[in-house]
Amino acid sequence: MSGAVKIAVLDYGAANMVSITKALAAVGAEASVAAEPSALAGVDAIVIPGVGAAAPAMVHLRERGLAEPLIEWARASRPCLGICLGFQLFFESSDEADAQALGLLAGRTVGLVDAPTLPHIGWNTVEAVRPHPLFEGVADGSHFYFVHSFAPAPADESIVVARTTHGRPFVSAVAKGSLYGLQFHPEKSSEAGLQVLANYVGLVADARAGGEV
Amino acid sequence: MLARRVIPCLDVANGRVVKGTKFVNLTDEGDPAELAERYAQEGADEIVFLDITAAHERRGTMLEVVRRTASRAFVPLTVGGGVRSVDEMRDVLRAGADKVSFNTAAVATPELLTGCAERFGSQAVVCAVDARRLPVADGEEQRWEVVTHGGRRTTDLDAIEWAIRAVDLGAGELLVTSMDRDGTRSGFDTELLSQIATRVRVPVIASGGAAGPEDFVTAVRDGKADAVLAASIFHRRMHSIAEVKAAMAAAGLPVRRIEESVA
């Protein structure tokens, strides 16, 4: 099979779907909006976008029947990118309203500590902990757009790809197998953000090619 | 390190960018999506659209503007003006905006800030505080009052107290405009800014009075602002965003330079 990689962006009522779908299209993917499990049929990868609160997001994911298919998707090692709240939902739980999350990664989402301003809104530098294909072509220390008050604390340090400092350092990117998480919004981070999304699309294409061999 | 943001603001009426003085003598200055895209390419950290369409003429034109802009400019978008309910905010966010700024509507119905923050998170809720200096006797402390309807109506609200209350109610950011300085190009009211910024934890965006790059520096250094918004100096191409950021960087302030991004 060839052609553009097909990426489903999960719509669970978490606002802005336009920016992420258009940004994925801008880097050559065929992006669709998935509001129900049947919309995941035939796609190569998933993006879980999101801003807002963790507890209502989980309620919406479950109500739409998307939580279980997502967990199965990740267990089958198929590519999935979580952005901001979508990234936080990968973990077991969140301090925010003591919400239970998807539990795909060990750890808990906690409030930012010692932040001089809260929410953390604006362009901050992302510092690589280790080289990763997601950041290929992006200068280390480039600015990306953040808007959040919480960030995940992974139990497994080896999955951390990058950190950012606002008050204290927090984890701004992780990767484990085909599961990728970003605390910043690549779809709002101009050229650097589009480069990260293009890299994700490239990783999905590689995974698809590998699966066919 | 968190960069100090530079934010161009576009006044939009009936789906077009307009320029005018005090809401009169409006002239058509082009397509909002095109201008926003140009600003994004020039390094704008965020774009603010201020909808100044007369209320009775407003019907989805702004949503179309947001939709077209979000399809082309991959930077944060804020829409101010005309949003009066949680449902209206949902429509603006779904069209591609990241934040909504409330001014008159929040003064009239403060609970609106809470309702929107509970639904969309406080990071999406900006409270615009338009403030005007009150006359004070010698030795008395300076005070500012909140004005609404683009400065045409006064309120009994103390601007600093209202700013603090807006944050308690759910606003995740404050857009503080000095109505004394707005459109005058006489520099920001740094006293007003610092009075508010030192009392709240959320980011403060300075607005009203920008004349040149050095004003952006003082808004951050003296006004303690996290971001600086301006309209006319960018539209009239008196100064570029890059020029402003160069001045801020030279003053030791952290900024995002566009040439850094791709290795």
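This is a predicted model: local features need pLDDT of at least 70, side-chain atom pairs count only at pLDDT 80 or more; totals for chains, interfaces and linings use all residues.
Chain A has five helices and 14 strands, and 54% of its 213 residues count as buried. The largest nonpolar core runs to 164 residues, with helix 5 of chain A giving the largest share, eight residues.

**Chain A overall**

- With a radius of gyration of 16 Å, close to the 17 Å that the globule rule gives for 213 residues, chain A is as compact as a globular protein of that length.
- Its C-alpha atoms fill a box of roughly 50 × 40 × 30 Å along the principal axes.
- Take the contacts in chain A between residues at least 6 apart in sequence: 70% of them join residues at least 24 apart.

**The open sheet in chain A**

- Eight strands make up an open sheet with mixed pairing, in the order 2-1-3-4-14-13-12-9.
- Strand 2 (30-34) and strand 9 (127-128) sit at the edges, each pairing on one side only.
- Strand 1 (residues 6-10) and strand 2 run parallel and are joined by five bridges; Ala8(A), for instance, has Ser32(A) as its bridge partner in strand 2.
- Helix 1 (residues 18-26) lies across strand 1, strand 2 and strand 3 (45-48), and runs at about 160° to strand 2.

**Where the chains meet**

- Chain B puts 35 residues into the contact and chain A puts in 36.
- On the chain B side, helix 2 (61-70) and helix 3 (86-94) are the elements that give two or more residues.
- Sorted by class, that side of chain B has 18 nonpolar, seven polar and 10 charged residues.

- In soluble globular proteins, nonpolar side chains tend to be buried together.
- Here, the residues with the most contacts inside the largest nonpolar core are Ile7(A), Ile47(B), Val129(B), Leu174(B), Val176(B) and Val228(B).
- Beyond its sequence neighbours within four places, Leu174(B) is in contact with residues including Val129(B), Ala163(B), Ile196(B), Val200(B) and Ile205(B).
- Helix 7 (residues 190-197) of chain B is mostly covered, with six of its eight residues buried; among them are Leu192(B), Leu193(B) and Ile196(B), along with Thr190(B) and Gln195(B).
- The cover over those buried residues includes strand 7 (125-133), helix 6 (159-169), strand 10 (173-178) and helix 8 (213-221) of chain B.

**Arg163(A)**

- Arg163(A) belongs to strand 12 (residues 160-166) of chain A. It is partly exposed because 18 other C-beta atoms lie within 10 Å.
- From Arg163(A) to Val47(A) is 116 residues in sequence and 21 Å in space, C-alpha to C-alpha.

- Most residues other than glycine have a negative phi, and most peptide bonds are trans.
- The Leu118(A) to Pro119(A) peptide bond is cis, with omega near 0°, and Pro119(A) is in the loop between strand 7 (107-111) and strand 8 (120-125) of chain A.
- Asp114(A) lies in the loop between strand 7 and strand 8 of chain A and has a positive phi, near 60°. It counts as exposed because it has 9 C-beta neighbours inside 10 Å.
- In chain B, Arg185(B) also has a positive phi, near 50°. Arg185(B) is in the loop between strand 10 and helix 7, and is partly exposed, with 15 other C-beta atoms within 10 Å.

Conventions: Residues are numbered from 1 along each chain as its sequence is written. Chains are lettered from A and ligands numbered from 1 in the order in which they are written. A nonpolar core is a set of buried Ala, Val, Leu, Ile, Met, Phe, Trp, Tyr and Cys residues joined through C-beta atoms within 7 Å. A residue is buried if 20 or more other C-beta atoms lie within 10 Å of its own, exposed if 12 or fewer, and partly exposed in between; C-beta atoms are placed from the backbone. Helices (H or I, at least four residues) and strands (E, at least two) are DSSP runs, numbered from the N terminus. Two residues are in contact if their C-beta atoms, placed from the backbone, lie within 7 Å. Two strands pair if DSSP finds at least two bridges between them. Axes are lines fitted to C-alpha atoms, for helices over the stretch in contact, and angles run from 0 to 180 degrees between N-to-C directions. Ala, Val, Leu, Ile, Met, Phe, Trp, Tyr, Cys and Pro count as nonpolar, Asp, Glu, Lys and Arg as charged, and the others, Gly among them, as polar. The radius of gyration is taken over C-alpha atoms; the globule rule is 2.2 Å times the number of residues to the power 0.38.
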